Amino acid sequence: MADSRGRLGYEAFEVSRVPGSTVQYTSKYPAWRPGADLPPGVEEQPTKTKTKKSTTTGVFGGVVYAQAPLAAARAIEFEETQSQVARKGYMGIHSIQGVFTVAGHSDRPFVHEVTPVHTGKSFATRLVQTRQPKESSITEPGTGTFDPSDATKELNGVCFTCLTTFKRSMPSPDDVQEKQSPQVRFAGILARKPPQEWERPFIVHIDSVQEQVVRSGQTGPGTFPALEMYRVDMSEYNKDRAVPERRELILYRPYKTIPKDDPNAHIVCHAFEADRNGLTMLGCHLGYGHRWGRAASLSYAFYVHVNAEEAVMGDGWWIQEASWPRVAAGRCTMVSKIWSPEGKHVASGYQDGMVVPEDPKEDAQRKKKEYRAKAEAFGIPKIDRKNKLRQAEKVASDDCSKYAKIREIFGNGNGKYHPNQLVAKKYMPPQGLCEKELLYKFALKISNLQELYQKKKLTMDPVDFYRWVICKNLKSDLHNSLHNSRNGLTGLIRSMGDDELSPSLAMFMQRTVIAAARRAAIKPAVARSFTTSFVRREAAKGPSTPSEQAAALAHDSSKSIGTYKTFSQVKTEDDLFGPGAKDGSVPTDLEQSTGLERLEILGKMEGVDIFDMRPLDASRKGTMENPISVRSAGDEQYLGCTGYPADSHVVTWLGISKDRPIERCPECGSVYKMDYVGPEDDHHGHHHGPEYPEPQTFADYIKPEYRYR
């Protein structure tokens, strides 16, 4: 679909002086608009909520990016013709640094105001500020150009600003570039077809848009001006590479001849080409092709590395090599290298732009409206849930509710909680946890616990509580590989989000909530007496005197240390202080440790495991008559059962206490009983907090004598 004026050459960027002004230049032709080349009914922004479609906005930013520096070049050329001083060498464009602020319109000219910043013998800088008239214009029927007087009308605010620098041509003693040009690095790919047999670039490089263009049967370049372009198929090369390592190659040359004595016109064509589809190509590499949000250039810098004359294009095919080394914060960095047909690196473009996918909630709302409208158009009643359109509407409606709950708990990526910060990165699956159904189930569970938290019945933050529960499960699976732990994380969260939990997890969750709240409210961090029974390993007795222990730890028989109480001599907390290190030396653990850490070190020195870290007895299955004994120095103890024989099922966590010392594993039926070895409560060591009722189970409704039977 082409407009009446057909396809323009480089004159699409040409500017002329505004009547009555010495600093303003105006464009001659309407700027190219990608949406104008799309078939009827195809949206340039496919996932946006449809409103009255504009027929003037959506101008391709590369047009104004080429016109503004060309206006600066024409101003420089005019100044040089007025100068009485002869200069050697062509004053060519050296760099363009542009910032886009407001979308342009195609129904009115761009007016570029050029302001001198610096003028030297071989280097100059010009500031260009671009505006458009507030009123639309009408083009000449025969030529398709604007009336030059339209540029004198009242103007809107600045829509584009750029600094353009100019450098006079000069010989160089050196010419160094990277070792291999793309003609060499990708020779095998480029040799597959002649340039004209590769596909043309998409009008709008968005997968869903291109699919509609293909279905329409439309072919050809449309009205894209100035250049003939072809996109090399790099899919095989990019397939197994990360986005920053991928490459896109565009072959191009002038659509119509550009005068060779006007190198600046060639340079702005290179800059124009480097802006074509760059951000949208990245969006498709990121997987946004069918859930498109927005893409827009924010700033764009273009640098010419050679004398301007070396950027002049002939019949040979130039190459743009595009890459995206950084994507973050909804923005991306695009790097474009411009290579001559001979393999010379002529210029580079650096663009920072915005690329974001469609908000999933908005996508669900849009689909809901679309399916509802289609169903109503066919007269399908709302209660007909067997109809496919009504079913699709119901799914979209459910998705709206799910995304609302997810946003309520996790925010829009900037809330208090983030699912990908739930556990350490080493336990996280490669794709993270940001998946709709998984997040929804997790959000529901957090929402339920927030009720307890807000009523002060749970003192732990709900997310912190689930993080603790998940970490205990992940770390307990020591026999699993890291890969299985990563897979197990999503499975654990999914099971936690089910309405019907497995008996073991349900029991663990119920008791852990109350126990965690009780501990957080009234229990000290460590409440252990030194009269606790210790477990002595059946091993040779270690060094028992301070000097022997210091020498053993230092592997040096001459090592000496101050006096301290050995393990057998410890009676009170005051005995658990080290002698300290000598002046000028770094203290060892034996010299500086205190408290429980010191007690553990002293015990290990003499073959005593004070915390009894041995695995539970797995040589048999516990029964009510002969349960497996679990030693505990505290009022409550958690234990993990892996079945009999050991590791016959995944870890099932059980809770036992002084009040309820016996527990049975729901997976294998093994019975465990607490063997309390801690101090008897003297009722003076702590303050009693409010009592929390234990969660009731069916066992609470049977006779007490059958409780453990």
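Reply: Keeping in mind that this is a predicted model, C641 counts as buried, since its relative accessibility is 1% and buried means under 20%.

Me: Ok, and where in the fold is C641 found?

Reply: C641 belongs to strand 16, which covers residues 636-641.

Me: Which residues does C641 touch, leaving out those up to four places away in sequence?

Reply: With those left out, C641 touches H649, V650, V651, T652, L654, C665, C668 and Y672.

Me: Which residues does UniProt list for "binding site"?

Reply: The UniProt record, an unreviewed entry, lists C641, H649, C665 and C668 under "binding site". These residues span 28 residues in sequence, yet no two of their C-alpha atoms are more than 11.0 Å apart, so they gather at one spot.

Me: What about C665, buried or exposed?

Reply: C665 is buried, with a relative accessible area of 2%, and its place is in the loop between strand 18 (662-664) and strand 19 (671-676). Apart from neighbours within four places in sequence, C665 is in contact with C641, H649, T652, L654 and S670.

Me: Switching topic to the strands: how many bridges join strand 3 to strand 9?

Reply: Strand 3 (residues 91-100) and strand 9 (residues 292-304) run antiparallel and are joined by 5 bridges, and I96 has F302 in strand 9 as its bridge partner.

Me: And how does strand 9 pair with strand 12?

Reply: Strand 9 pairs with strand 12 (residues 345-357) in the antiparallel sense over 11 bridges, where W292 has P357 in strand 12 as its bridge partner.

How values were computed. Residues are numbered from 1 along each chain as its sequence is written. This is a predicted model: local features need pLDDT of at least 70, side-chain atom pairs count only at pLDDT 80 or more; totals for chains, interfaces and linings use all residues. Side-chain values use heavy atoms; hydrogens and water are left out. UniProt positions are given in the numbering used here, feature names are shortened, and annotations may be inferred rather than shown by experiment. Helices (H or I, at least four residues) and strands (E, at least two) are DSSP runs, numbered from the N terminus. Buried means under 20% relative accessible area, exposed over 50%, partly exposed in between (1.4 Å probe, protein chains only). Contact means heavy atoms within 4.5 Å. Two strands pair if DSSP finds at least two bridges between them.
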